[in-house]
Amino acid sequence: MIYTVLIPDNVDQKAVDLLEGTEGLNVVYTGKLSQEELAAQAGEAHAMIIRSGVKITPEVLAAAPNLKAVARAGVGVDNVDLDAATSHGVIVMNTPGGNTISTAEHTFGLMIALARYIPQGDASLRAGRWDRKSFVGVELKDKVLGLIGFGRIGKAIARRAQAFDMTVIAYDPYIEPSAGTELGVELVQLDALYAQADFISLHALITDETRGMLNTEAFAKMKDGVRIINASRGALINDADLAAAIESGKVAGAALDVYEPEPPTEDNPLIGMESVIHTPHLAASTSDAQVTVAVEAAQLIINTLLHDSPQNVVNSAVLT
Ligand SMILES: NC(=O)c1ccc[n+]([C@@H]2O[C@H](COP(=O)([O-])OP(=O)(O)OC[C@H]3O[C@@H](n4cnc5c(N)ncnc54)[C@H](O)[C@@H]3O)[C@@H](O)[C@H]2O)c1
Ligand SMILES: O=C(O)CC[C@@H](O)C(=O)O
């Protein structure tokens, strides 16, 4: 039996080489496909390796009758319809941990860039100006960093924030309060985090509970001049409410790596605002992280197809 592995997004070549060098696999590496192209190519696939650029929808699953496994080269599986995958008998796996440090470092870069107006200063100088008075920032030292979500990435950021002499607090209702003790992080209630934090960085999973959680009601509970960083998922923030909070001066600025939808639509109210800085979902985009997550995803597919040994399964109903 020869299994076909379709890779419909851009992944590190080392993963492709690993699969191509494995007996029993036929590898189809297309690079990033549109949803229509993906559905058209899905018919032969026994497995797929994906990133955040494609969605595994009921339509894609219906077009993929041979599909047994999907491996996500990354953490978030919000681009996979897990219930539909389960009902098609498709195992979904991810590679948590492989991009934690890259994402934490990017988040820290965004926080410093936000505090010191680095992108705005860069744009100003490139436009021929020598303007030093418009870009007076704030130090991180002695500021309170509030982390919403204290998992792998939240913890990695807390470690780095300590080196900058920040006080770190976190809200995460799904972990033990003692989880912060070792890192000197106090786990607090959400309203307390809003009331105390100078910087709020989002690292919670996107769920029905967290979708749109940063809205007008939440901004009203925050300190005046708070700065927001989001390298988790765009849908955690209500964009119109954030834009209004920035316009009113309640929020001093925001740094965003993620959007809902991606890419953001032309009418996104945050794009182009002077105090909002952006990257296009780049937090995991380092050569280091991309090798790790892609090779791990390839190994998950090999173990599943050839050794009947799936790991990191996120829709465990398939296995029972
Ligand atoms: N921008 C990027 O390129 C990039 C890269 C990697 C991960 N991510 C995203 O970052 C997020 C965090 O990743 P991680 O590896 O740290 O995941 P993780 O699972 O280790 O941590 C997520 C944490 O969110 C917490 N959480 C769940 N519901 C919550 C709620 N209602 N309020 C507060 N916390 C809640 C969980 O208890 C968990 O501790 C994910 O959404 C992931 O998809 C983005
Ligand atoms: O594929 C990517 O680069 C993004 C990954 C990231 O969003 C994740 O959830 O792991």
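Helices here are DSSP runs (H or I) of at least four residues, numbered from the N terminus. By that count, helix H7 gives the most to the shell around ligand 1, with 3 residues. The model is predicted.

## Ligand 1

The shell around ligand 1 holds 34 residues. Gly76, Gly151, Ile153, Tyr174 and Ala283 come nearest to the ligand. Two elements give two or more residues each: helix H5 (100–116) and helix H7 (152–163).

What is the make-up of this shell by class? It has 16 nonpolar, 13 polar and 5 charged residues. Domain 1 and domain 2 each supply at least three residues to the shell around ligand 1.

## Ligand 2

Which residues surround ligand 2? They are Arg51, Ser52, Gly74, Val75, Gly76, Asn99, His281, Ala284 and Ser285. By class, this shell splits into 2 nonpolar, 6 polar and 1 charged.

Gly76 is on both lists. It is among the residues that come nearest to ligand 1, and it also belongs to the set around ligand 2.

## Two domains

Domain 1 is made of two stretches, 3–98 and 287–319. Domain 2 runs through 100–278. Their centres, taken over C-alpha atoms, are 31 Å apart.

How many residues of each domain are in contact with the other? Domain 1 brings 6 and domain 2 brings 5. On the domain 1 side, the touching residues are 2 nonpolar, 2 polar and 2 charged.

## Ile301 in helix H11

Ile301 sits in helix H11, which covers residues 287–307. Is Ile301 buried or exposed? It counts as buried, because 29 C-beta neighbours lie inside 10 Å, and the cut-off for buried is 20 or more.

Its contacts, leaving aside neighbours within four places in sequence, are Val5, Ala47, Ile49, Ala69 and Ala71.

## Helix H10 and its buried face

Helix H10 spans residues 239–247. Its buried residues are Asp239, Leu242, Ala245 and Ile246.

Just after H10 comes Gly249, with a positive phi of about 90 degrees.

The loop between E11 and E12 holds Pro261. The peptide bond from Glu260 to Pro261 is cis, with omega near 0 degrees.

Pro263 is also in the loop between E11 and E12. A cis peptide bond joins Pro263 to Glu262, and its omega is about -10 degrees.

## Positive phi outside glycine

Asp165 is not a glycine, yet it has a positive phi of about 60 degrees. It lies in the loop between H7 and strand E7 (167–171). Asp165 counts as exposed, because it has 11 C-beta neighbours inside 10 Å and the limit for exposed is 12 or fewer.

Asn312 is not a glycine either, and its positive phi is about 55 degrees. This residue is in the segment after H11. Asn312 is partly exposed, because 17 other C-beta atoms lie within 10 Å, a count between the exposed and buried limits.

## UniProt annotations

UniProt, in an unreviewed entry, lists residues 108–283 as "domain: D-isomer specific 2-hydroxyacid dehydrogenase NAD-binding". In the model, the end C-alpha atoms of residues 108–283 lie 10 Å apart.

The end C-alpha atoms of residues 5–315 are 20 Å apart. This span is 34% helix and 16% strand.

How values were computed: Residues numbered from 1 in each chain as written. Chains lettered and ligands numbered in written order. Predicted model: local features only at pLDDT ≥ 70, side-chain atom pairs only at ≥ 80, totals over all residues. Near = placed C-beta within 6 Å. Nonpolar A, V, L, I, M, F, W, Y, C, P; charged D, E, K, R; others polar. Domains from an automatic or database assignment. Contact = placed C-beta atoms within 7 Å. UniProt positions renumbered as here; feature names shortened; annotations may be inferred.
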